[in-house]
There are 2 protein chains.
Amino acid sequence: MSRASERAYNNIRSMILSGELQPGSQIREEALAELCGVSRTPVRDSLRRLEAEMFIRRNDSQRSFVADWSLDDLEDAFHLRAMLEAHAAKRAASRITREQLGQLRFHNAQLKQAIDMPNPDVPKFLDHNRQFHAIILAAAASERLTNMLAQVTEQPVVLRTARHYDLENLRRSHHDHDELLIAFDKRDGEWAAAVMTGHIRRAFHAYAEAHSTNTEIRKTNLAA
Amino acid sequence: MSRASERAYNNIRSMILSGELQPGSQIREEALAELCGVSRTPVRDSLRRLEAEMFIRRNDSQRSFVADWSLDDLEDAFHLRAMLEAHAAKRAASRITREQLGQLRFHNAQLKQAIDMPNPDVPKFLDHNRQFHAIILAAAASERLTNMLAQVTEQPVVLRTARHYDLENLRRSHHDHDELLIAFDKRDGEWAAAVMTGHIRRAFHAYAEAHSTNTEIRKTNLAA
DNA sequence: ATGCAGCTTATTGTATACAAATGGCATTCG
DNA sequence: CGAATGCCATTTGTATACAATAAGCTGCAT
């Protein structure tokens, strides 16, 4: 993607993810254009893309709003994600190369290291976690699957800031990865898929927990 | 969508599906703009959309080409479709209303009627078949799922013209629908999902069969 | 007071001109 | 003769002006 267009896309997307653009609020093309320092043309491109990715929705008269997701919507997205990632794991089991397996082991060791210390380095954990999943997706070798997962993986939910990373959960994630590695080693697609399903379901419940806590906090603030 | 933009999208899409734009061939924005009688702006919108839907792909330098799918790609798409439609059936089983069940019965009766006659009316069959699946998707009540399925349902494969509709296959489709109706009636999501999986897998093999026949014909023509 | 008509303003859609980038061709140098 | 390089043609990207459409407001009539 070209420069202005890419800049606009990344800017708007991160403004949505960070909550700078509030869920439910209307967004105007020209305002975004100014914020991004480009003209409306690349902004419109970005909005269309973000609409396809369901970060933005439009009313009948084409006005754009930041998507606002309920917990049900979130669960729906996680269900789809679990299904797709399990499918990816199954495909990966029969296609993954020795080299990719090595990379998986590397990232899994790194993310373990990130939380096995007095001061856990959560961003580092998340980064290696992301790469771990990316390698599996690459090994699955399905462009369509990759595209679809991209649509369902990053959720436009604000709570990222208040997200409290439960260490116990991160450790369990690491152990899931360990088990995935064994399943891959044995080329057992069914096993890999089953582990992956549980792995993502756990992620959902952690997310949902954080979400409700977050919502309560917000409610408390409003009441005060 | 507004007029020019919508026209451009529909035009280009149908040109791809009909084979008027050949798979693998480059497409230029200005040429399409003239063909559609609009400016490049709405054409660009359409191309972006079609790219997201994988009807079009772009090389490193942003030039657009009509997608050209191998049999493997096709199978990949059908696998994903089977998974997603099975998921839809499962969700639908617990949510479908009496009224929707009635509509399903109606369309299934109609499509049976379309092929249970001396001169089978295949377009009519296809239309009611489409509506049958649409109702299930509506009953599943997941916008994300709907979007995803749309991406994987219509395949940019030319063979539509040469497609030979095996009556036996159509009858089996009808029977699958019958079984789905019973599963829905009993609110048995697992059963519905299983039937749907088989239903789509069969569709793939029918498609693949037609595809290879078609390819052979084409090869023969080239050789002659 | 309330609801509707018509106008005004805000916002998006489209066309077009121009800028940037890419690919192909020809020419030249090794 | 082949490969590299620079120029030209083609194609896409961006900005901007203008058109169309929808929302909101004002004032009038009931």
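1. In this predicted model, the contact between the two protein chains draws 14 residues from chain B and 14 residues from chain A. On the side of chain B that touches chain A, the helices α3, α4 (71–95) and α7 (143–153) of chain B each supply at least two residues, and α4(B) gives the most, with five residues. Sorted by class, the residues on that side of chain B are eight nonpolar, two polar and four charged.

2. The symmetry of the pair deserves a separate remark. Chain B is superposed on chain A by a rotation of 180° with 0.0 Å of shift along its axis, at an RMSD of 0.1 Å, and the two copies are thus related as by a two-fold rotation axis. The interface agrees with this in its residues: 100% of the interface residues of chain B are also interface residues in chain A, so the copies meet through the same surface.

3. Of the 224 residues in chain A, 34% are buried. Among the contacts in chain A that join residues at least 6 apart in sequence, 75% are between residues at least 24 apart.

4. Helix α1 of chain B, residues 3–18, has 16 residues and reaches 22 Å from its first C-alpha to its last, which is close to the 22 Å expected at 1.5 Å a residue. Which residues of α1(B) are buried? They are B:A8, B:I12 and B:I16, and, seen down the axis of α1(B), they fall within an arc of 55°, so they line one face of the helix. These buried residues pack against α2 (29–36), α3 (40–52) and β3 (64–66) of chain B, whereas B:R3, B:S14 and B:S18, on the other side of α1(B), are exposed. The residue that follows α1(B) is B:G19, whose phi is positive and near 90°.

5. Around DNA strand C there are 17 residues, of which B:S2, B:A4, B:S5, B:S39 and B:S61 come nearest. By class, the surface near DNA strand C holds three nonpolar, seven polar and seven charged residues.

6. DNA strand D is surrounded by 16 residues, and the closest are A:S2, A:A4, A:S5, A:S39 and A:S61. Here the elements giving two or more residues are α1 (3–18) and α3 (40–52) of chain A, together with α2 of chain B. The surface near DNA strand D is made up of three nonpolar, seven polar and six charged residues.

7. B:M54 is found in the corresponding loop of chain B, between α3 and β2, and has a positive phi of about 65° although it is not a glycine. For background, most residues other than glycine have a negative phi. With 18 C-beta neighbours inside 10 Å, A:M54 counts as partly exposed, and B:M54, also with 18 such neighbours, counts as partly exposed.

8. B:E53 is found in the loop between α3 and β2 (56–58) of chain B, and with 17 C-beta neighbours inside 10 Å it counts as partly exposed.

9. A last pair of residues comes from chain A. A:A134 lies in helix α6 (residues 122–140) of chain A, and with 14 C-beta neighbours inside 10 Å it counts as partly exposed. A:A134 and A:E75 are 59 residues apart in sequence, and from C-alpha to C-alpha they are 22 Å apart in space.

Note on methods. Residues numbered from 1 in each chain as written. Chains lettered and ligands numbered in written order. Predicted model: local features only at pLDDT ≥ 70, side-chain atom pairs only at ≥ 80, totals over all residues. Least-squares fit on C-alpha atoms with pLDDT ≥ 70 in both. Contact = placed C-beta atoms within 7 Å. Helix = DSSP H or I, 4+ residues; strand = E, 2+ residues; numbered from the N terminus. Expected span 1.5 Å × (residues − 1). Buried ≥ 20, exposed ≤ 12 C-beta atoms within 10 Å, placed from the backbone. Arc of directions from axis to C-beta. Near = placed C-beta within 6 Å. Nonpolar A, V, L, I, M, F, W, Y, C, P; charged D, E, K, R; others polar.
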